[in-house]
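Me: I'd like to learn how to read charged pairs and a chain-chain interface in a model like this. Can we walk through it together?

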Number of protein chains: 2
Amino acid sequence: MASNIEKPYVVGMDIGGTNTVFGIVDSRGNVLASDSVKTQEYTEIDDYVEAVCKKLLPLVQKFGGVENIKGMGVGAPNGNYYNGTIEYAPNLPWKGIIPLAAKFEESLGIPTALTNDANAAAIGEMTYGAARGLRDFIMITLGTGVGSGIVINGQLVYGHDGFAGELGHVIAERDGRVCGCGRKGCLEAYCSATGVARTAREFLVARSEPSLLRNIPAESIQSKDVYDAAVKGDKLAKDIFDYTGMILGRAFADFIAFSSPEAIILFGGLAKSGDYIMEPIKKALDENVLPIFKGKTKLLMSQLKDADAAVLGASALGWEAKALD
Amino acid sequence: MASNIEKPYVVGMDIGGTNTVFGIVDSRGNVLASDSVKTQEYTEIDDYVEAVCKKLLPLVQKFGGVENIKGMGVGAPNGNYYNGTIEYAPNLPWKGIIPLAAKFEESLGIPTALTNDANAAAIGEMTYGAARGLRDFIMITLGTGVGSGIVINGQLVYGHDGFAGELGHVIAERDGRVCGCGRKGCLEAYCSATGVARTAREFLVARSEPSLLRNIPAESIQSKDVYDAAVKGDKLAKDIFDYTGMILGRAFADFIAFSSPEAIILFGGLAKSGDYIMEPIKKALDENVLPIFKGKTKLLMSQLKDADAAVLGASALGWEAKALD
């Protein structure tokens with residue numbers, strides 16, 4: 001721990017398809033300063049690294065320079081923890097296998113660890129949030145996609161190749177909706193923000209009852225619109241949440257049969273719909289879980305502050321980054 | 001390791017609904033002596049423990065007495081590793097929560113660890129079989145039921161309550177066949193020995209083509225009969241394996257999305273049907289697995305010798321049993 005006292009800060013970085021956000025974080029989980037670049041503006045990875053460093057280094061200098069930074073943690077789609085690489089990420093501009101951790105280490109001189117964004121969220125939750133003290137839990141991120149970070153025996157599950165925890169791509173409905181991964185019926189195709197919007201469009205076509213959602217052009221409906229309508233008492237909007245929650249609860253019953261976690265923690269936009277989504281999840285979980293597990297697994301909401309969550313989650317990995325030679 | 005040299009043997013015990021088998025095992029995985037009792041003959045747990053000890057102690061004496069035994073490992077249905085208990089096992093004569101490890105420790109003076117039978121098989125495979133050197137694998141036991149033992153980062157996954165790894169009870173077909181657990185559509189209802197026999201009966205009713213299986217009274221058909229018919233070229237019998245393998249392969253694709261294991265290892269009667277079951281599993285796995293995992297996870301057969309496997313698997317846990325105070 002002596003080195004933590006010597007080096008009181010870490011860098012957290014979250015790479016999304018649109019924005020890359022990064023910041024300086026202290027050991028209590030305060031994001032002290034942050035900045036961002038537009039991910040899509042850099043088709044060449046080296047230009048991207050240069051652009052990030054150009055904005056990140058002034059922040060680092062402000063907090064005493066590289067010698068005050070214990071490490072950097074990066075959360076990225078298709079991030080491989082073992083290799084520090086991003087591999088074949090469909091939503092990022094760089095194709096193939098990108099040795100990103102090594103590139104940052106070279107440019108910044110800061111030890112860098114990288115994992116996928118949902119794993120970073122799980123580590124953040126374990127370090128600063130709802131999972132403090134939990135040794136067995138599953139983090140489910142409900143955003144544009146559905147991601148997961150699995151912790152067993154207090155350790156992130158990376159699997160033999162670094163890519164474990166793709167719970168957004170278990171099959172929720174055999175031969176169901178086409179998913180972005182090219183297969184059919186994935187959990188993500190139903191329970192992501194876009195999945196909820198798809199359900200809304202399906203329900204609006206299949207039913208004739210009035211709904212506030214009919215005031216919005218079908219192709220423009222977003223999951224936030226469904227929430228707003230539900231809050232106003234819209235029956236069809238509530239049914240969309242019931243359907244989404246049912247599919248999640250059924251899937252969670254299977255996840256529990258796998259690792260029997262103490263808690264499943266929900267993170268992301270949809271999770272913020274509160275009881276509209278939590279009640280049907282609980283109901284379906286209770287109806288579908290194996291009797292031996294009944295009532296044992298808690299359903300929790302993330303405790304990470306929204307604006308900082310991605311940076312904070314990634315930063316927690318920075319404390320574990322291996323010192324450079 | 002010094003204490004292993006001082007105490008060169010362990011006891012392995014497998015508690016089944018019909019028989020309880022136990023034996024003395026050396027550090028190389030040789031079962032040096034074994035014996036058994038009929039589980040169902042003892043409705044009182046203390047009578048059962050006494051009966052086991054009466055037959056086990058002479059074996060222990062033969063190998064130099066209790067001071068030569070490092071520990072005892074017990075595999076049992078609904079075995080809870082954390083508590084050393086058997087909890088609400090539907091197929092055993094003792095109801096409620098049975099503190100079996102403590103009872104044996106008291107009677108024998110041998111440190112005792114207990115887990116469920118599939119976990120014991122996984123530990124056995126890791127210690128003596130096909131999983132030597134693997135840090136991430138899933139053991140699937142295809143017997144009267146379908147069980148599983150999951151190893152992640154070189155550790156058995158017990159979950160927060162000691163009951164993780166119930167992969168026989170993930171849902172293979174939503175609202176499908178009634179399962180012994182009281183729910184519908186579990187993997188076990190399709191891919192256990194009894195599940196295969198059910199498939200045979202369903203196929204025989206649904207189709208009119210000739211089959212060797214029609215020579216057997218429908219209610220008497222066993223999975224072994226299906227294998228025998230397939231070997232003789234029976235089309236319907238082969239289709240039963242194709243169907244069973246397809247359901248397993250689909251389920252394995254979901255398991256891989258969870259923990260990305262280096263291997264899935266099959267154990268038990270059905271696993272011995274060789275290519276009849278392995279080929280359709282491989283085909284369905286390949287068709288259903290997320291592209292990022294494609295071709296990465298090996299499908300292996302157990303390497304534990306049949307007669308000894310249960311005792312051997314349980315015995316491996318004996319090396320880890322905590323010394324008594």
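Me: Let's start with A:Arg201. Is A:Arg201 buried, partly exposed or exposed?

Reply: The model is predicted, so keep that in mind as you read. For exposure, the exposed class starts over 50% and the buried class is under 20%. A:Arg201 has a relative accessible area of 21%, so it counts as partly exposed.

Me: Which residue does the side chain of A:Arg201 meet in a salt bridge?

Reply: Here you look for a Lys or Arg side-chain nitrogen within 4 Å of an Asp or Glu carboxyl oxygen. The partner is A:Glu219, with 3.9 Å from N to O. The two sit 18 residues apart and link distant parts of the chain: A:Arg201 is in helix α6 of chain A, while A:Glu219 is in the loop between α6 and α7. A:Glu219 is exposed, at 68% relative accessible area.

Me: How far apart in helix α7 of chain A are A:Asp228 and A:Lys224?

Reply: They are four residues apart, so about one helical turn separates them. Their side chains meet in a salt bridge at 3.0 Å, N to O. A:Asp228 is partly exposed, with a relative accessible area of 28%.

Me: Where in chain B could I look at a pair four residues apart in a helix?

Reply: Go to helix α9, residues 275-288, where about one helical turn separates B:Glu287 and B:Lys283. Their salt bridge is 3.3 Å, N to O. B:Glu287 counts as exposed at 53%, and B:Lys283 is exposed too, at 55%.

Me: How many salt bridges does the rule find across the interface of chain A and chain B?

Reply: Two. One salt bridge between the chains joins A:Asp161 and B:Lys296, at 2.7 Å from N to O. On the side of chain A that touches chain B, α8(A) gives the most, with six residues. By class, that side has 20 nonpolar, ten polar and nine charged residues.

Me: And how much area is buried between chain A and chain B?

Reply: Look at the total, then at which atoms and residues supply it. The buried area is about 3,600 Å², with carbon and sulfur atoms giving 57%. In chain A, the residues losing the most area to chain B are A:His160, A:Arg174 and A:Phe258, together 22% of what that side buries. As for contacts, 39 residues of chain A touch 39 of chain B.

Notes: Residues are numbered from 1 along each chain as its sequence is written. Chains are lettered from A and ligands numbered from 1 in the order in which they are written. This is a predicted model: local features need pLDDT of at least 70, side-chain atom pairs count only at pLDDT 80 or more; totals for chains, interfaces and linings use all residues. Side-chain values use heavy atoms; hydrogens and water are left out. Buried means under 20% relative accessible area, exposed over 50%, partly exposed in between (1.4 Å probe, protein chains only). Contact means heavy atoms within 4.5 Å. Buried area is the accessible area (1.4 Å probe) that two parts lose on being put together, summed over both. Ala, Val, Leu, Ile, Met, Phe, Trp, Tyr, Cys and Pro count as nonpolar, Asp, Glu, Lys and Arg as charged, and the others, Gly among them, as polar.
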